[in-house]
Amino acid sequence: MDADNLSNQSDQTAKDIQPGPEDRVVRPELEIEKLPLGVGPIIGDSIHILISNAVLVVLVGFVPVLLGELVKYVVFAIGPLQGLEARWGFGINMTFSLSASGVVDMIAYAVSTALLVQLAYDAQVFRPIRIRRYLESSMNSILPLTLLSLAIITLFFAGSVLLIVAAGSIGITPLLTAPLLILPLLWLCAAVCVTAPAVVIERVGFRGLARSLSLTKGYRWPIVGTIVLATIVISTLVIMALVLISFFAAIGGASGIVGFILAFVASVAASTLATGLFSILFTLIYARLRAIKDGLSLREIAEIFG
């Protein structure tokens with residue numbers, strides 16, 4: 001009997017301590033922690049890859065541009081289009097020449113970018129540099145990269161015009177509009193910056209721009225910070241390199257044609273290295289975003305697409 005009473009008392013006590021509706025605490029769902037982009041390691045690795053492969057980066061970046069310039073010279077200066085001005089008039093000839101020249105430049109840029117993206121990726125996963133394979137793979141990327149580059153340029157131009165018109169409508173002078181364009185255009189650059197790596201590595205073709213918008217979502221301001229820091233670093237390095245080259249040229253007594261050649265080579269090398277750094281940077285940003293959003297490591301992406 002005592003056991004029954006004890007059992008009844010225990011049941012009653014359990015009922016008494018049951019939380020009522022007013023006592024229940026509703027626990028919110030745990031938020032998934034947003035992984036950092038890793039700006040420092042990305043910039044550090046980009047500079048390391050650039051310095052370790054400086055000669056290759058210059059060649060890979062410069063040769064397609066040089067070939068593009070030769071094509072333009074052969075076609076427009078001494079080739080079959082030389083007589084367009086006499087037949088069509090100066091205005092039409094100039095418009096056609098500038099348009100075709102722009103297309104050649106974009107194709108050269110597409111080839112250079114495709115090569116640099118693959119070089120950067122192989123360097124990051126410690127695979128040997130394979131220029132021949134890069135050339136073969138780049139052929140499939142030229143058309144998408146060229147057309148997507150044109151689309152991105154159009155997007156930047158349209159965005160700039162809209163911002164200028166909007167600023168003018170509220171009374172902001174054109175002189176003050178230019179600084180206001182910097183942040184929106186940097187944000188837009190961050191949104192589209194991994195288009196080329198997506199096309200070349202992931203082989204998404206014309207969906208590269210949409211893929212870039214998807215991957216960079218939620219990380220565009222950190223990417224803006226990365227681009228700004230990289231710009232400061234590469235500007236400093238380029239200025240230092242140009243000063244050193246000018247100094248040694250002056251000590252060596254280079255003048256006339258020799259001085260001109262040294263200055264030209266230095267400026268081309270500096271420009272190509274700057275372009276190469278950003279191609280490498282965007283490739284590593286792409287790899288980091290794939291790791292964050294798709295859970296794929298560099299090696300896994302290389303095995304799938306390389």
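Author: A pocket is an open set of grid points with protein on both sides within 12 Å along at least five of seven lines, and its lining residues have an atom within 4 Å of a point. The model discussed here is predicted.

Reader: Which residues lie nearest the centre of the largest pocket?

Author: The largest pocket has a volume of about 480 Å³, and its lining is made up of 23 residues. Helices that each supply at least two residues of this lining include α7 (142-169), α8 (174-192) and α12 (256-294). Those nearest the centre of the pocket are Tyr109, Ile152, Val192, Cys193 and Phe282.

Reader: Is Cys193 buried or exposed?

Author: The cut-off for a buried residue is a relative accessible area under 20%. Cys193, which is among the residues nearest the centre of the largest pocket, has a relative accessibility of 6%, and therefore it counts as buried.

Reader: How many disulfides does the structure hold?

Author: A disulfide requires a pair of cysteine sulfur atoms within 2.5 Å. For Cys189 the nearest cysteine sulfur is that of Cys193, 6.2 Å away, and Cys189 is in no disulfide. Cys193 is likewise in no disulfide, with the sulfur of Cys189 as its nearest at 6.2 Å. The number of disulfides in the structure is zero.

Reader: What share of the residues of the protein chain counts as buried?

Author: The protein chain has 13 helices and zero strands. Among its contacts with a separation of 6 or more, 78% join residues 24 or more positions apart. Of the 306 residues of the chain, the share that counts as buried is 35%.

Reader: Within what arc do the buried residues of α2 fall, seen down its axis?

Author: Helix α2 (residues 39-52) has 14 residues and spans 20 Å from its first C-alpha to its last, close to the 20 Å expected at 1.5 Å a residue. Its buried residues are Ile42, Ile43, Ser46, Ile49 and Leu50, while Gly40, Pro41, His48 and Ile51 are exposed on the other side. An α-helix has 3.6 residues a turn, so residues three or four places apart point the same way. The buried residues of α2 line one face of the helix, because seen down its axis they fall within an arc of 130°.

Reader: Which residue just after α9 takes a positive phi?

Author: Most residues other than glycine have a negative phi, and most peptide bonds are trans. Phe126, in the loop between α5 and α6 (131-138), has a positive phi near 60° and counts as exposed at 74% relative accessibility. A positive phi of about 60° is also found just after α9, in the loop between α9 and α10 (208-216), and the residue that takes it is Arg203.

Reader: Which residues does Gln118 touch, leaving out those up to four places away in sequence?

Author: Gln118 has its place in helix α5 (residues 90-124), and at a relative accessible area of 9% this residue is buried. With residues up to four places away in sequence left out, Gln118 touches Arg133, Tyr134, Ser137, Ser138 and Val200.

Reader: How far apart in space are Val60 and Leu116, C-alpha to C-alpha?

Author: Val60 lies in helix α3 (residues 54-77) and counts as buried, with 8% relative accessibility. Beyond four places in sequence, Val60 touches Ser112, Leu115, Leu116, Leu119 and Ile131. Val60 and Leu116 are 56 residues apart in sequence, and their C-alpha atoms are separated by 6.8 Å.

Reader: With which residues is Ala167 in contact, leaving aside its neighbours within four places in sequence?

Author: Ala167 is found in helix α7 and is buried, with a relative accessible area of 8%. Ala167 and Ala178, eleven residues apart in sequence, are 10.0 Å apart from C-alpha to C-alpha. Neighbours within four places aside, Ala167 is in contact with Ile172 and Thr177.

Notes: Residues are numbered from 1 along each chain as its sequence is written. This is a predicted model: local features need pLDDT of at least 70, side-chain atom pairs count only at pLDDT 80 or more; totals for chains, interfaces and linings use all residues. Side-chain values use heavy atoms; hydrogens and water are left out. Helices (H or I, at least four residues) and strands (E, at least two) are DSSP runs, numbered from the N terminus. Buried means under 20% relative accessible area, exposed over 50%, partly exposed in between (1.4 Å probe, protein chains only). Contact means heavy atoms within 4.5 Å. The expected span of a helix is 1.5 Å times one less than its number of residues. The arc is that of the directions from the helix axis to the C-beta atoms. On a 1 Å grid over the protein atoms alone, a cavity is a set of points where a 1.4 Å probe fits but cannot get out, and a pocket is an open set with protein on both sides within 12 Å along at least five of seven lines; lining residues have an atom within 4 Å of a point. Grid points are joined across faces, edges and corners, and a volume is the space filled by probe spheres set on the points.
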